[in-house]
Amino acid sequence: MKHPLVLVPGLLCDAALWGPQVEALADVADFWVPELRTQRSMREMGQTVLDEAPFSAFALAGLSMGGYVAMEVMRRAPERVTRLALLDTRATPDTEEESDRRRELIRLARAERGFTPVTNRMLPLLVHPSRVKDTSLVKIIRGMAEHTGIEGFVRQQTAIIGRPDSRPGLSAIKAPTLVLCGREDAITPLARHEEMAALIPASRLEIVEACGHLSTLERPGEVNRALRSWLGWNP
Ligand code: MLT
């Protein structure tokens with residue numbers, strides 16, 4: 001039987017973030033990817049996953065903002081999650097400086113009525129330095145941003161700014177949990193993953209070498225192997 005698998009995308013991303021996984025893991029999983037462009041808070045995003053997922057119980061993977069949403073789901077309905085994967089994310093809330101940077105990006109996106117300056121500013125943080133000029137990768141990233149739209153971006157950033165500290169709930173997570181990050185993730189660094197893995201009892205930490213924040217697209221082979229293995233773990 002295939003695993004029902006919910007894949008939650010990050011900020012300015014959509015199902016294309018998980019394209020390589022949907023292709024490579026189709027023999028072992030049935031997928032669903034939520035649309036997260038209209039909600040204004042983590043609570044609403046988590047509730048959307050719970051209300052709209054076409055499975056009663058599921059494996060849950062989230063990357064970055066998707067990880068924030070996955071931790072919200074774990075607070076609200078842990079009994080529905082059979083296993084958890086937290087990719088390139090963190091349990092800590094924003095610092096004041098991070099929230100200020102988000103407000104500046106919102107201002108920029110609205111002023112420019114488009115994403116080119118926003119993605120130009122974010123790209124060096126999103127991917128490994130060796131991939132910044134990888135035109136096919138950059139095309140996917142720009143396409144997902146256009147699909148999210150400016151108001152979708154504003155709502156996502158607002159939800160991210162308001163997210164709670166997820167650390168207090170981590171030790172109660174019973175689901176087998178993969179914690180994975182790119183070695184050079186500049187947005188949610190390795191130390192944040194070591195912290196989550198130390199707090200979640202049944203967790204394993206995987207580090208993907210020569211990889212930035214968008215691991216699913218940057219290093220699909222390694223990420224697919226890690227997810228396939230995770231789906232096979234005995235709970
Ligand atoms: C994401 O990829 O979802 C964002 O980088 C998350 C964030 O900015 O905190």
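Biologist: How many nonpolar, polar and charged residues are in the lining of the largest pocket?

Modeller: The count is 13 nonpolar, 4 polar and 6 charged. Here Ala, Val, Leu, Ile, Met, Phe, Trp, Tyr, Cys and Pro are nonpolar, Asp, Glu, Lys and Arg are charged, and the others, Gly among them, are polar. Keep in mind that this is a predicted model, where local features need pLDDT of at least 70 and side-chain atom pairs pLDDT 80 or more, while totals for chains, interfaces and linings use all residues. Numbering runs from 1 along each chain as its sequence is written, and side-chain values use heavy atoms, without hydrogens or water.

Biologist: Okay, and how much space lies in the largest pocket?

Modeller: About 490 Å³, where a volume is the space filled by probe spheres set on grid points joined across faces, edges and corners. A pocket is an open set of points on a 1 Å grid over the protein atoms alone, with protein on both sides within 12 Å along at least five of seven lines; a cavity is a set where a 1.4 Å probe fits but cannot get out, and lining residues have an atom within 4 Å of a point. In this model, the largest pocket has 23 lining residues, with R102, L105, M122, L125 and I187 nearest its centre.

Biologist: Which element gives the most to that lining?

Modeller: That's α4, with 5 residues. At least two each come from α3 (65-76), α4 (96-112), α5 and α7 (150-161). Those labels are DSSP runs numbered from the N terminus: helices (H or I) of at least four residues, strands (E) of at least two.

Biologist: Where does the ligand go?

Modeller: Into the largest pocket; the test is that more than half of a molecule's atoms lie within 2 Å of the grid points. Around the ligand you'll find G10, L11, S64, M65, Y68, R90, R102, I187 and H213, each with a heavy atom within 4 Å. By class, that shell splits into 4 nonpolar, 3 polar and 2 charged.

Biologist: What about the second largest pocket: which residues lie nearest its centre?

Modeller: M74, P78, G169, A172 and I173, out of 16 lining residues. α3, β4 (81-87) and α8 (167-170) each give two or more of the lining. The volume of this second largest pocket is about 240 Å³, and its lining has 10 nonpolar, 3 polar and 3 charged residues.

Biologist: And how many cavities of 30 Å³ or more are there?

Modeller: There are 2 in the whole structure. The largest, about 50 Å³, has a lining of 8 nonpolar, 1 polar and no charged residues; α5 (116-126) and α6 (135-148) supply at least two each, and α5 gives the most, with 3. The second largest cavity is about 30 Å³; Y68, R75, R90 and R163 are among its lining residues, which divide into 4 nonpolar, 1 polar and 3 charged.
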